[in-house]
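Dear colleague,

Please find the structure below, handed over for your own work. A summary of the findings follows it.

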Amino acid sequence: MAPSPMLEFAFFEGRIVPFAEAKVSVGTHALQYGTGAFAGIRGYLDDDGETINVFRLPDHAARLLNSAKLLRAELPFDRDSLAATIVSVIAANDPSGDCYVRPFVYKSSVQLTPRLRNLDDELAIYMLSLGDYLDTDRGVKAVVSSWVRVSDNAIPGRGKLSGAYVNSALAKDEAEEKGADEAILLDASGHVAEGSGCNLFVVRDGILTTAPTTGDILEGITRRSFLRFAADEGIPTAERQIDRSELYLAEEAFFCGTGVQVAPIASIDGRPVGDGEPGPITSRLRGLFFDCVRGRSDRYAEMVTPVRRRVAAAAG
Ligand code: PMP
């Protein structure tokens, strides 16, 4: 078995404990009914080797609190204290390389009724080391899923709600079983929504285009960052409904998200995107993203929260 990528310490029931001790009952409401919400945050080793740059930490904390609000969860945290708690877990683990942080808000009561009110809520945070989740260089294969993206009136996809990820899992399995790397889910009206765990951009007539946040997508933080990079570079952008057939006409397409980072799409349903190679807009934006997270960009320095590694602190 491969060595566990889990890092040693987790936050559980109000304190930092060894990861192995962060355990819940099998009867936990969130485990039974998916009444949890989570965040996924990446920390990158800065080029200086001494700092972990946490990408858009306050935004992730704010979105998790919004997801928690959808679940009517009551937690003793505001955005800043939640962000500080996440930093304390990173500091306790003192990762030596790129890592992923998974904060999780969940209905912790052992209770049989699927409801949101009058249940206890808890926050847990754990971490793992994580490299690339999808290829970020060559281009991945995508297929349009036969599974429809869960709609706002079913389970709101704008929150990162645990139960909704059964929808992602169905689509991901189907894509992989068809020999692809990732699924593209359409919404109930047949418009392009997003990937199973990432947002999607296409370039049409030079315009960087993505589904609107009212289109049954997660309000992705990487997506928002890429819209900003593009605007700063003078690349025109549009947030609008995208037809399925536009996927086949796009000059470029890529997935983006915390896990995925940025994954150029080489083909969709077996049809090459552009010439099948990462296009110029994708490559330019990918460069800006990695410069930002590796600490090479003054312009986007405010997008990362630096956490000093212990080895650096010891050296003064
Ligand atoms: N959509 C879905 C369904 C996701 O799970 C993710 C990953 N969190 C994203 C989009 C990308 O969001 P973000 O950039 O905030 O990680």
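The largest pocket holds about 570 Å³ of space. Here a pocket is an open set of points on a 1 Å grid over the protein atoms alone, with protein on both sides within 12 Å along at least five of seven lines, and lining residues have an atom within 4 Å of a point. Grid points are joined across faces, edges and corners, and a volume is the space filled by probe spheres set on the points. Of the 29 residues lining this pocket, Tyr100, Arg102, Lys160, Tyr165 and Gly197 are the closest to its centre.

Please note that this is a predicted model, in which local features need pLDDT of at least 70 and side-chain atom pairs count only at pLDDT 80 or more, while totals for chains, interfaces and linings use all residues. Residues are numbered from 1 along each chain as its sequence is written, and side-chain values use heavy atoms, with hydrogens and water left out.

At least two residues of the pocket lining come from each of H2, strand E6 (99-107), helix H4 (165-177), strand E10 (192-195), H5 and E14. Helices (H or I, at least four residues) and strands (E, at least two) are DSSP runs, numbered from the N terminus. The largest contribution is that of H4, with 4 residues. By class, the lining comprises 11 nonpolar, 12 polar and 6 charged residues; Ala, Val, Leu, Ile, Met, Phe, Trp, Tyr, Cys and Pro count as nonpolar, Asp, Glu, Lys and Arg as charged, and the others, Gly among them, as polar.

The ligand takes up the space of this largest pocket, a molecule being assigned to a pocket if more than half of its atoms lie within 2 Å of its grid points. Helix H2 (57-70) and helix H5 (221-232) are the elements that give two or more residues to the shell around the ligand. That shell has 16 residues, of which Arg63, Lys160, Tyr165, Thr222 and Thr258 come nearest; a residue counts if one of its heavy atoms lies within 4 Å of the molecule. The shell divides into 4 nonpolar, 8 polar and 4 charged residues.

The protein covers 97% of the 390 Å² of accessible area that the ligand has on its own, by the Shrake-Rupley method with a 1.4 Å probe.

There is also 1 cavity of 30 Å³ or more, a cavity being a set of grid points where a 1.4 Å probe fits but cannot get out. The largest cavity has about 50 Å³ of space. Among its lining residues are Glu251, Pro264, Val273 and Thr282, and strand E14 (252-257) and strand E15 (261-268) each supply at least two.

Finally, Asp94, in the loop between helix H3 (79-93) and E6, has a positive phi of about 45 degrees.
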